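Student: Can you walk me through this one? I'd like to go piece by piece.

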Amino acid sequence: AQTDKGAYPYYMLKEIDEQAVVARTLAGHYFNDEGEIVGIGCGIGDTIKQADRLYIIAAGTSYHAGLVGKRYFENWANIPTEVHIASEFAYDQPLLSEHPFFIFLSQSGETADSREVLDNIKRQGFPTLTIANVMNSTLTREADFALPVLAGPEIAVASTKAYTAQIIVQAILAYSLGDVELDLKQELAKVAVEIQAITDEKMTFQAIAESALQNQHSAFYIGRGMDAAVALEAALKLKEISYIQTEGFAAGELKHGTISLIEEGTPVFALLTQAKTAGLLRGEVAQVAARGANTITISSKSLARPDDAYVLPEVDELLMPLLAVIPAQLIAYYATLARGLDVDRPRNLAKSVTVQ
Ligand code: G6P
């Protein structure tokens with residue numbers, strides 16, 4: 001059954017491994033054999049095309065998926081896009097554009113703060129779409145439109161496959177709205193192959209986790225652009241299950257404060273997949289290394305240097321978050337395993353937060 005761990009010690013590892021299959025499932029669901037989009041009703045496209053701005057509302061990992069999705073809507077569909085934390089937006093609504101369109105991102109479709117925003121927005125009469133993994137949920141039922149994330153049941157509290165799947169659905173939706181010179185269906189097939197290749201190298205990430213994070217009480221993930229968005233999710237994964245205090249942030253902010261936290265041996269993971277800012281990020285890695293940090297750089301093939309800890313295969317640069325997050329998920333998993341903690345059930349956390 002889909003909710004059976006099978007030979008896996010933890011659901012989280014099973015769900016990390018399922019990401020290649022989920023990418024293929026989504027490509028199969030949303031495209032026909034000719035590579036045309038079929039899984040998105042024209043009502044959604046027509047309504048979004050009347051909007052002057054998109055507002056993505058989400059919490060936790062889904063919020064992080066929204067930060068990546070924003071780039072697709074802006075780069076491929078040419079629509080200004082804001083991403084908001086549901087628990088903030090619900091009680092302190094910012095000034096809206098004239099014709100906003102709301103996208104709710106959620107694994108469970110039940111998060112109370114997101115539901116609160118949806119209620120508020122419906123009262124104001126603006127159009128809404130929910131992208132969720134659980135299709136028969138409050139958020140999918142109550143929005144004007146809904147699109148499935150198709151990740152299958154996610155049991156581990158730390159979300160993995162719902163994150164990558166939400167990113168893919170946003171990419172497909174943005175692609176359907178624009179005129180992009182990219183065969184997204186084919187590119188997603190490549191993404192699936194490369195996710196598989198990365199998850200096949202578990203020992204590498206186990207070794208990184210055990211050497212870099214043993215006896216550490218804090219860690220950092222840095223990146224720029226899309227990698228800064230992934231750094232937030234990477235840090236959340238590590239901290240929420242291993243209890244190692246981990247901060248993820250835009251690398252350029254290091255010099256404005258955080259660099260004072262670097263001590264001898266502090267692990268600093270750098271995600272380096274974006275060509276425009278690779279040089280600047282290399283500089284930041286050197287700066288923390290000079291202050292004693294243990295730098296672990298995860299780069300993409302064309303930007304790699306010999307002493308990088310791991311080199312990612314390459315797909316379209318905007319889709320690199322789908323690959324860059326995999327090592328972070330596996331490092332979080334193995335760091336937690338090494339500490340003898342329950343990977344699937346971290347203390348104090350719930351899979352679905354239905355209270356405000
Ligand atoms: C909880 C879960 C997270 C999730 C967040 C938002 O905190 O533990 O994994 O990202 O809620 O949930 P949603 O179901 O709306 O994506």
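Tutor: A strand here is a DSSP run of E with at least two residues, numbered from the N terminus. By that rule Gly248 sits in strand β7, residues 245–250. Keep in mind that this is a predicted model.

Student: How high is the mean pLDDT of the chain?

Tutor: The mean pLDDT is 96, and 99% of the residues reach 70 or more. The model also scores ipTM 0.97 and pTM 0.97.

Student: Back to Gly248. Buried or exposed?

Tutor: Gly248 is buried. It has 26 other C-beta atoms within 10 Å, and the cut-off for buried is 20 or more.

Student: Which residues does Gly248 touch?

Tutor: Leaving out residues up to four places away in sequence, Gly248 touches Tyr221, Ala231, Leu232, Ala234 and Ala235. As for Ala228, it is 20 residues from Gly248 in sequence, with 7.5 Å between their C-alpha atoms.

Student: Next strand. Where is Phe269 found?

Tutor: Phe269 is in strand β8, which covers residues 267–272. Phe269 is buried too, with 29 other C-beta atoms within 10 Å.

Student: And what does Phe269 touch?

Tutor: Six residues count, again without those up to four places away in sequence: Ala219, Phe220, Tyr221, Ala234, Ile296 and Ile298. Tyr221 and Ala234 are also among the contacts of Gly248. Between the C-alpha atoms of Phe269 and Gln245 there are 13 Å, for 24 residues along the chain.

Student: Let's switch to helices. How do the axes of α4 and α11 cross?

Tutor: Helix α4 is residues 60–75 and helix α11 is residues 226–242. Their axes come within 9 Å and cross at roughly 170°. The two helices are therefore roughly antiparallel, since the cut-off for that is an angle over 145 degrees.

Student: Which residues meet there?

Tutor: From α4 come Thr61, His64, Leu67, Val68 and Arg71. From α11 come Met226, Ala229, Leu232, Glu233 and Leu236. By class, this contact has 6 nonpolar, 2 polar and 2 charged residues.

Student: Which residues in α2 and α9 meet?

Tutor: The α2 side has Gln19, Ala20, Ala23, Arg24, Leu26 and Ala27. The α9 side has Lys185, Leu188, Ala189, Val191, Ala192, Ile195, Gln196 and Thr199. The classes are 9 nonpolar, 3 polar and 2 charged.

Student: Now the ligand. How many residues surround it?

Tutor: There are 15, and the closest are Gly60, Thr61, Ser106, Ser108 and Thr111. Helix α4 gives the most to that shell, with 3 residues. Thr61 is also part of the contact of α4 with α11.

Student: What classes make up the shell around the ligand?

Tutor: The count is 10 polar, 4 nonpolar and 1 charged.

Student: One more loop. Where does Pro80 lie?

Tutor: In the loop between α4 and β2 (81–85). Pro80 is partly exposed, with 13 other C-beta atoms within 10 Å. Not counting residues up to four places away in sequence, it touches Arg53 and Glu74. The C-alpha atoms of Pro80 and Leu213 are separated by 39 Å.

Student: Last stop is Asp119. Buried or exposed?

Tutor: Exposed, with 12 C-beta neighbours inside 10 Å. The cut-off for exposed is 12 or fewer. Asp119 is in helix α6, residues 112–124. From Asp119 to Ile296 it is 44 Å, C-alpha to C-alpha, and 177 residues in sequence. Ile296, in turn, touches Phe269.

How values were computed: Residues are numbered from 1 along each chain as its sequence is written. This is a predicted model: local features need pLDDT of at least 70, side-chain atom pairs count only at pLDDT 80 or more; totals for chains, interfaces and linings use all residues. Axes are lines fitted to C-alpha atoms, for helices over the stretch in contact, and angles run from 0 to 180 degrees between N-to-C directions. Helices (H or I, at least four residues) and strands (E, at least two) are DSSP runs, numbered from the N terminus. Angles under 35 degrees count as roughly parallel, over 145 as roughly antiparallel, 65 to 115 as roughly perpendicular and the rest as oblique. Two residues are in contact if their C-beta atoms, placed from the backbone, lie within 7 Å. Ala, Val, Leu, Ile, Met, Phe, Trp, Tyr, Cys and Pro count as nonpolar, Asp, Glu, Lys and Arg as charged, and the others, Gly among them, as polar. pLDDT is the predictor's confidence in each residue, from 0 to 100. A residue is near a molecule or strand if its C-beta atom, placed from the backbone, lies within 6 Å of it.
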